[in-house]
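Visitor: Hi, could you walk me through this one? I'd like to know what sits against what.
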Amino acid sequence: MNRREFLKTTGLVLAGGTLAGAQTAAAAHGPELSPNTLGVLVDTTLCIGCRECELACDRRNNLTKPPAPEESFQDKGVFGSYRKYSPQSYTVVNKFDNPETGEPVYVKNQCMHCNHAPCVSACIVGALSKKENGAVHYDYGKCIGCRYCMMACPFQVPANEFDNAFTPSIRKCTFCFEFVEEGGVPACADACPMGVMTFGKREELIEIAHERIMRNPSRYVEHVFGEHDAGGTSWMYLAGLPFDQIGFPKVAGISNAQTSETIMHGMFKHWIPPISLYALVGAAMWLFKPKDGEDHE
Amino acid sequence: MSGHSEARPIEGKFFTPGTLLLVAVMAVGAGFAAYRYALGLGPASNLSHDYPWGIWKAINVAAIAAIGSSGFTLTAIVHVAHKHKYHVMMRPGLVLALLSYTFVGVALVVDLGKYYVIWHPMLPSMWQGNSALFEVAMCVMSYLTVLYIEFAPILFKRFIGKVNLPGPLKMFNGLLEFSFKVGDTVLGRLMSLFMILGIVLCTLHQQTLGTIMVIPGPEKVHGLWWTPLLPVLFYLSAIAVGLAAAVAASLWTSKAFGTKYEMQAVTPFSRALPLFIGAYIALRVVDLALRGNLGLMFEGTYRATAFQVEFFIGVCLPFVLTWFEAVRKSPRALFFASFLFILGVSANRVNTYITSFMPPNAIGGYFPTFGEIMVCAAQCAAILFLFRLICFIFPIVDQPPAHAK
């Protein structure tokens, strides 16, 4: 075998490997979801912006320290500017204006608890995980503070305690994981006086959502945000305005974790690509060795 | 030519005005790093909820790791393809890689929120095979080990027959001498295995450094940079910039230590530069065209400008320059072209990780604080300073026989 033949063979083997990788592309579906996985349907058309959910969330998760007075959660002045998540606020209500009627539209947001969550896929140590009940759960003990989850999240949800020099934690909505595990209801859904949030099995919520749209097509846009968006989320939304007009980011119909995992799994498929590469480089080293046997150092 | 020249430690004055400047930059950077440790990432940087990654990730990890490609590209050329005429470039390139990757680790210790548990990815209970960052962590760690193993023979060569511990430690002289000899023999037999391993590890993690930015998706990463081909583009540019860094390292050592330029090796070596840069340019343009994103570079935003600077000045210009033999024969022009390309690829890493980032409903933007810039500069200064120090202690730079001086 001379060099040219070797290079030709190498090229063919590498091309074959790439094709094999491409064919396994469909493999990265993400975690299998239990049919009993839970979720919340948020009907934004019912929300009046009272911020009771923010208060309930704050109290259950001990977010503001010392606890902010209840009156501070009744302040409507906060709607003047768009508010984001922070280590002290897992859920935020923002106000938008209906461009036609001029009426206010209130939208309550929190972690969407994606089915195939990019943050879970990205996390370097598995500190984030998708639980059977639907929650995307964070484990402070594992976290090393790399903040890749913040880069990965399509909704820019995870917040980091940047001002904590020694024990910075990622903070985000927990789906009230422990309470839900014991049959409870997320604090925000429990506190809402308007019944904006319906808590239940995700599959049933999807049916309820479509039923509401069907019964009242003038009230809703024909889109259950989160049914398929970003690959599907545990929290889903109904709205009277297109979602891009009420602060929802543009997301794909699949989770971006799928693209990333396809690449990662292709590169390491059964360890064949790295081992083949090792063998190829080794073979090249041996083949290219000068024939006179003199390996001048 | 000077067939009798061999690598020897540099002799003479270690501290020059330039070296003192490096020390000053390192001291200022260390001060800001201390500030970060005392008060946290928030006060010390402009990182925010929307922009969680800054230059400590983009430059100190991604760009420096790319420059460290000088190690595996040279190993492939000198030890796999057996092009021994380039061996004179091997050691400076290896030292550059060794220091670059060491400081990738240092950078993470500065950037991670919980730097004191940086070892977590090593624990099997926390392995996360889906994570691009996990793959990078494991490969970089393994490759750093390989780099130190590849460096070990230089250490052995320096000290075998010269082991002379001070004072009461003298009794260990014989033992140390013996273990160096055993180490040298054993490693001599096994070195090929480690060299191949190093090439494989670099092939994996240089790609994955690109894969890292796949998961934020085209919604959060601007179309001039986001593509599922990011791993291939990162790997191609890493090879090209590794070659450029090898050229720059050789020319810089010759200039800094007043030895002759190794143009008999550097000029033919740099013929590979336009080939690899050209392949990278071609793939980049084809990918942008196929995705219908070529026009984005003219949209007149700061991102489009950043792309133009990165691509036309940092990548295309070095490609054109290194195409000319006159440039490849001139130490000055070739150093300029290689260095420009190093800056171009670094700009690509910064743009891919930071400039391109478009978080939804973002408030404000990101520009590094003076402290962030100084910590970044200090790490670069430390690489140069330690490079010089290693050249003074170990046989790195080829010099004519001592009596010829």
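Visitor: How many residues of chain B are in contact with chain A?

Guide: This is a predicted model, where local features need pLDDT of at least 70 and side-chain atom pairs count only at pLDDT 80 or more, while totals for chains, interfaces and linings use all residues. Residues are numbered from 1 along each chain as its sequence is written, with chains lettered from A and ligands numbered from 1 in the order in which they are written. On your question, 52 residues of chain B are in contact with 55 residues of chain A; contact means C-beta atoms, placed from the backbone, within 7 Å.

Visitor: Which helix of chain B gives the most to that side?

Guide: That's α7(B), with 7 residues. Helices here are DSSP runs of H or I with at least four residues, strands are runs of E with at least two, and both are numbered from the N terminus.

Visitor: And what classes of residue are on the side of chain B that touches chain A?

Guide: There are 31 nonpolar, 16 polar and 5 charged residues on it. Nonpolar covers Ala, Val, Leu, Ile, Met, Phe, Trp, Tyr, Cys and Pro; charged covers Asp, Glu, Lys and Arg; the others, Gly among them, are polar.

Visitor: OK, inside chain B now. How do α9(B) and α11(B) cross?

Guide: Helix α9 (residues 230-257) and helix α11 (residues 272-290) of chain B have axes that come within 9 Å and cross at roughly 160°. Axes are lines fitted to C-alpha atoms, for helices over the stretch in contact, and angles run from 0 to 180 degrees between N-to-C directions. The pair is therefore roughly antiparallel, a label for angles over 145 degrees.

Visitor: Which residues meet there?

Guide: Among them are B:Leu236, B:Ala240 and B:Ala244 in α9(B), and B:Leu273, B:Phe276 and B:Leu283 in α11(B). By class, that contact divides into 14 nonpolar, 1 polar and 1 charged.

Visitor: What about α5(B) against α9(B), at what angle do they pack?

Guide: Helix α5 (residues 87-111) of chain B packs on α9(B) at about 110°, with the axes 8 Å apart. That makes them roughly perpendicular, the term for 65 to 115 degrees. B:Met89, B:Pro92, B:Gly93 and B:Leu96 in α5(B) meet residues of α9(B) including B:Ala245 and B:Ala249.

Visitor: How many residues are in the largest nonpolar core?

Guide: It has 196 residues, and those with the most contacts inside it include A:Cys119, B:Leu133 and B:Ala244. The largest share, 16 residues, comes from α9(B). A nonpolar core is a set of buried Ala, Val, Leu, Ile, Met, Phe, Trp, Tyr and Cys residues joined through C-beta atoms within 7 Å. Buried means 20 or more other C-beta atoms within 10 Å of a residue's own, exposed means 12 or fewer, and partly exposed is in between, with C-beta atoms placed from the backbone.

Visitor: What does B:Ala244 touch?

Guide: Leaving out residues up to four places away in sequence, B:Ala244 touches B:Leu273, B:Ser338, B:Phe341 and B:Ile342.

Visitor: Switching to chain A: where is A:His113, and is it buried or exposed?

Guide: A:His113 lies in the loop between β3 (104-109) and α3 (118-122) of chain A. It is buried, with 28 other C-beta atoms within 10 Å, and has a positive phi of about 50° although it is not a glycine.

Visitor: And A:Asn62, buried or exposed?

Guide: A:Asn62 counts as exposed, with 10 C-beta neighbours inside 10 Å. Its phi is also positive, about 50°.

Visitor: Last one: which peptide bond is cis?

Guide: The bond from A:Lys65 to A:Pro66 is cis, with omega near -10°.

Key: Two residues are in contact if their C-beta atoms, placed from the backbone, lie within 7 Å. Angles under 35 degrees count as roughly parallel, over 145 as roughly antiparallel, 65 to 115 as roughly perpendicular and the rest as oblique.
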